[in-house]
Amino acid sequence: MTSSAYPPGPNSRLPWGSLADFARDSTGFLLRLAQHYGDVAHFRLGKQHTYLLNHPDLIQDVLVTQATKFMKGRSLQRAKRLVGEGLVTSEGDLHQRQRKLIQPAFHREKLAEYSRVMVDYTARASQSWKHGSTIDLQAELRQITLAVVIRTLFGAELDGREVRQLGDCFSELANNPLMLPFTEFLDRFPLPQRRRLRRARHFLDTTLCRLIAQARAAREDRGDLLSMLLAAQGSGGPLSEEQIRDECITLFFAGHETTANALTWTFYCLAQNPEVEARLHAEVDAVLAGAPAEFEDVPRLRYTEMVFTETLRMYPPAWNTPRLVIEPYTARGYTIMPGSVVNLSQWVTHHDARWYEEPFVFDPERWMPEAKATRPRYAFFPFGAGARQCLGNDFAMLEGVLVLATLAPGWRMQLAPGQRIGLQPRINLRPRYGMRMVLERRHPHATGTPHDAPAAVARA
């Protein structure tokens, strides 16, 4: 028997419902909602009826078994203003075609090629670091991961200054409050945030147009994703410039921002857990024996992978997955009608004590095979699930492990004095106050000597 009544939830009589509470502390609001009201909770954001679904079975419903009843939520619809109809924001047949087109760029043999670039670029970047100095770790890692995406997926090399400018533009897109849902009414006002968005969009478009033009002029298949896009035939012929641009900007953003944020949180967790850090260092030292990491080393870096996976649980870059209901859906006896929004929150589910004992404790041992076997499949979904699971999840996991394995032999990191820690849940879960870290050299010569890294990763 089903009910059309709303599930339990905060009974706000204000016209904007729970919008102020959600905007002030999104992760905390959703976590409290699950703790107080259970696996199906209802609240309003303005006039929008919104639900939190917090059980692996319900997550499987929405993302896998009954996925046709849902489409991308309001936040990603709003993101179309900047990234267009790329793989992340598109729907239906267009999404399926884009996924099929892009998938070969992430096959195993391609990942093996990419691994060398990941190691080389990380090693080259760290060579400018100095013992005792303080770095903006988030910015440093963003510089590395963005340079890797430019080289591996688009076959291009940019100088350090331009890579940094690109990173700043993407950071503006991810962090600008006008990218949040329910801010449409602000579009009519000449706010400084609008000007910053326009400048960032102009720089990105200019850079992408240049890279596309250079690839087109080369008239050769270089084996990278951009070459695949240029060679693709649509139903009416080759992809348009706009379609290629949309895919490029989407993959630029998704391919570097999430991994950079996850790695930033990883080094923070290591600094707070010296026993975990010591064990990771011991594994990397034993497996690599002073040599640069290679693709074939990854299966032996099991604890390093467990450390990165635990970070994805504790600080999932994709912290919330909203879906718009387009067909009636029944959850635990409640009928959720079209036009409503359901939220599947990685932040909430990944911190649920039913699946993770002491969920706010950083414990890589959770990812031992016997521990994983005790949990439901969808109690962990950092890259989503089903037909819309992130296509670059293997790329991200590979890069996370290799960056850790390249930096760990040479460096330890501690929080800089006075560094504050807070969450900034925007498109990705970012450190609210950045992440300033003090460098401590471990071994004088263990800097992860690169193979033949291009000058593109030299410091600006």
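# Helices, cysteines and buried residues

User: In this predicted model, α13 and α16 are oblique to each other. At what angle do they pack?

Analyst: Two packed helices are described by the angle between their axes and the distance between the axes. For helix α13 (residues 302–314) and α16, the axes are 9 Å apart.

User: Which residues of α16 meet α13, and is the crossing left-handed or right-handed?

Analyst: On the α13 side, the contact uses Thr304, Glu305, Phe308, Thr309 and Leu312. Their partners in α16 are Ala396, Met397, Gly400, Val401 and Leu404. The crossing of the two helices is right-handed.

User: How is helix α11 (residues 241–272) set against α13, roughly parallel or roughly perpendicular?

Analyst: The axes of α11 and α13 come within 9 Å and cross at roughly 105°. Because 65 to 115 degrees counts as roughly perpendicular, that angle settles the orientation. In the contact, Ala262, Leu263, Trp265, Thr266 and Leu270 of α11 face Val307, Phe308, Thr311 and Leu312 of α13. The arrangement of α11 and α13 is roughly perpendicular.

User: How many residues of α16 are buried?

Analyst: Helix α16 covers residues 393–407, which is 15 residues. From first C-alpha to last it reaches 21 Å, close to the 21 Å expected at 1.5 Å a residue. The helix is largely enclosed by the rest of the structure, because the number of its residues that are buried is 14 of the 15.

User: How far is the nearest cysteine sulfur from that of Cys209?

Analyst: The structure holds 0 disulfides. Cys209 is in no disulfide, and the nearest cysteine sulfur belongs to Cys248. A disulfide needs sulfur atoms within 2.5 Å, whereas the distance to the sulfur of Cys248 is 9.6 Å.

User: Is Cys269 buried or exposed?

Analyst: Under 20% relative accessible area counts as buried. Cys209, at 48%, is partly exposed. Cys269 has a relative accessible area of 3%, so it is buried.

User: Which residues does His55 touch, leaving out those up to four places away in sequence?

Analyst: His55 lies in the loop between β2 (48–53) and α3 (56–65). At 14% relative accessibility, His55 counts as buried. The residues it touches are Asp39, Arg332, Arg354 and Trp355.

User: What share of the residues of the protein count as buried?

Analyst: The protein has 16 helices and 14 strands. Among contacts with a separation of 6 or more, 74% join residues 24 or more positions apart. Of the 460 residues, the share that count as buried is 55%.

Technical notes:
Residues numbered from 1 in each chain as written. Predicted model: local features only at pLDDT ≥ 70, side-chain atom pairs only at ≥ 80, totals over all residues. Heavy atoms only, no water. Buried < 20%, exposed > 50% of the residue type's maximum accessible area, 1.4 Å probe, protein only. Helix = DSSP H or I, 4+ residues; strand = E, 2+ residues; numbered from the N terminus. Contact = heavy atoms within 4.5 Å. Expected span 1.5 Å × (residues − 1). Axes fitted to C-alpha atoms, helices over the stretch in contact; angles between N-to-C directions. Parallel < 35°, antiparallel > 145°, perpendicular 65-115°, else oblique. Left-handed = near helix turned anticlockwise from the far one by under 90°.
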